[in-house]
Amino acid sequence: MTEEINFSKATKSLMKKVEAIFPEGVGINVKKDSKLGYVRHDQAQQYLRGGQLMIDIYDMTHPDYTVAHELLHFLHMFNGAPQISFNLTTKKKDLDTKFMATGLELYDIVMHDYVYREQAELGMMTDEIKELYFKGVLSVLKPEQGERDQWMVLRILTLLDTLLFFKDEQDSVKGKLMELYPISFEAAQRLYEILIERSLDSAFAIRRTVVKLFKAFDDELSKLGMVPMNMAEFATLSVVLSERQMRLQVRQLFNIVHSPLDDNLTFKSAYVGQWKNDGQNSFVLADPGKDSAKKFVEYYNMKVTDFLDSIGIEYLKR
């Protein structure tokens with residue numbers, strides 16, 4: 001259905017970059033032809049199928065912007081951004097879904113530092129798009145009623161992304177956001193300071209910022225009297241290794257610890273490989289069963305890259 005959408009020159013250039021990676025190119029599926037009248041980043045999703053990058057669109061308010069956004073996410077990932085995955089389960093489907101959605105949103109917001117900058121350079125951050133984006137924020141977020149409620153997580157995440165989207169012109173939206181969402185906006189501002197603390201110009205810097213946001217987000221939940229989500233354990237984030245670290249043994253970089261959560265493939269006990277410097281989940285192992293102690297000694301003595309390759313875990317190089 002690509003031909004039915006009038007894509008801009010900038011979006012077509014992004015499609016060509018994808019075609020250089022996947023000769024089958026980009027496939028567009030319009031799942032809903034409704035127009036809500038605002039743009040949100042949940043109005044599309046991407047996935048690989050048969051050697052082609054597929055993008056499903058769920059709203060046609062501004063498909064050119066929406067598709068370009070998805071293409072930039074893919075290109076950022078392909079060019080070496082750390083990857084997030086979810087390999088554990090609380091055994092409660094609804095809770096797993098909530099945790100995964102939150103972890104992925106925090107991760108995506110960090111990726112948006114790149115995506116928004118690229119869209120701005122391509123001339124896509126027009127006054128129209130800014131108006132449609134802000135309209136989307138106001139449309140999905142209910143105003144606060146003076147105390148925390150079930151919408152606090154969504155508000156904080158949405159407002160954090162909004163601060164990044166309007167990075168250079170926050171004064172144009174701050175007044176309205178502070179009026180409608182004073183508690184959430186204050187939390188979002190604290191998280192935003194972490195997000196912009198350092199330049200996100202490398203895989204290492206991106207990973208470090210995601211990990212910091214995970215922990216800081218839990219701190220904000222605690223301040224609100226809400227239960228932390230502990231993304232340091234629940235979310236798996238790929239590691240970024242220096243040349244020196246690649247030559248070290250597993251024991252020098254990771255602690256392999258038993259998790260209170262289960263492996264979400266086998267639904268059996270799981271072990272988490274924690275990066276020693278920050279405690280972040282970097283890989284998940286199913287319980288090896290009997291002789292587990294012997295197996296873990298074997299793991300700890302292996303060279304890091306040999307071990308990660310042996311269990312099929314991708315890693316990035318600094």
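Thr-209 is found in helix α8. Helices here are DSSP runs of H or I with at least four residues, strands are runs of E with at least two, and both are numbered from the N terminus. This is a predicted model, where local features need pLDDT of at least 70, side-chain atom pairs count only at pLDDT 80 or more, and totals for chains, interfaces and linings use all residues. Residues are numbered from 1 along each chain as its sequence is written, and side-chain values use heavy atoms, with hydrogens and water left out.

Is Thr-209 buried or exposed? Thr-209 counts as buried, because its relative accessibility is 5%. Buried means under 20% relative accessible area, exposed means over 50%, and partly exposed lies in between (1.4 Å probe, protein chains only). Leaving aside neighbours within four places in sequence, Thr-209 is in contact (heavy atoms within 4.5 Å) with Val-110, Ile-194, Leu-195 and Leu-200.

## The sheet

Four strands form an open sheet. Their order is β5-β8-β9-β10, and the pairing is antiparallel. Two strands pair if DSSP finds at least two bridges between them. The edge strands are β5 (88-89) and β10 (281-286), each pairing on one side only.

β8 and β9 pair over 6 bridges in the antiparallel sense. Ile-256 stands opposite Gly-273 in β9. Helix α12 (residues 292-301) lies across β8, β9 and β10. This helix runs at about 135° to β8. For such angles, axes are lines fitted to C-alpha atoms, for helices over the stretch in contact, and the angles run from 0 to 180 degrees between N-to-C directions.

## Trp-275 in strand β9

Trp-275 sits in strand β9. Its relative accessibility is 7%, so Trp-275 counts as buried. Which residues does Trp-275 contact, leaving aside its neighbours within four places in sequence? They are Arg-207, Val-239, Leu-241, Gln-245, Leu-253, Phe-254, Gln-280 and Ser-282.

Trp-275 and Leu-237 are 38 residues apart in sequence. In space, C-alpha to C-alpha, Trp-275 and Leu-237 are 9.8 Å apart.

## Two residues with positive phi

Asn-230 is not a glycine, yet its phi is positive, about 55°. Asn-230 lies in the loop between α8 (203-223) and α9 (231-234). With a relative accessible area of 37%, Asn-230 is partly exposed.

Phe-267 also has a positive phi, near 60°, and is a residue other than glycine. The loop between β8 (254-263) and β9 (269-275) holds Phe-267. Phe-267 counts as exposed, because its relative accessibility is 53%.
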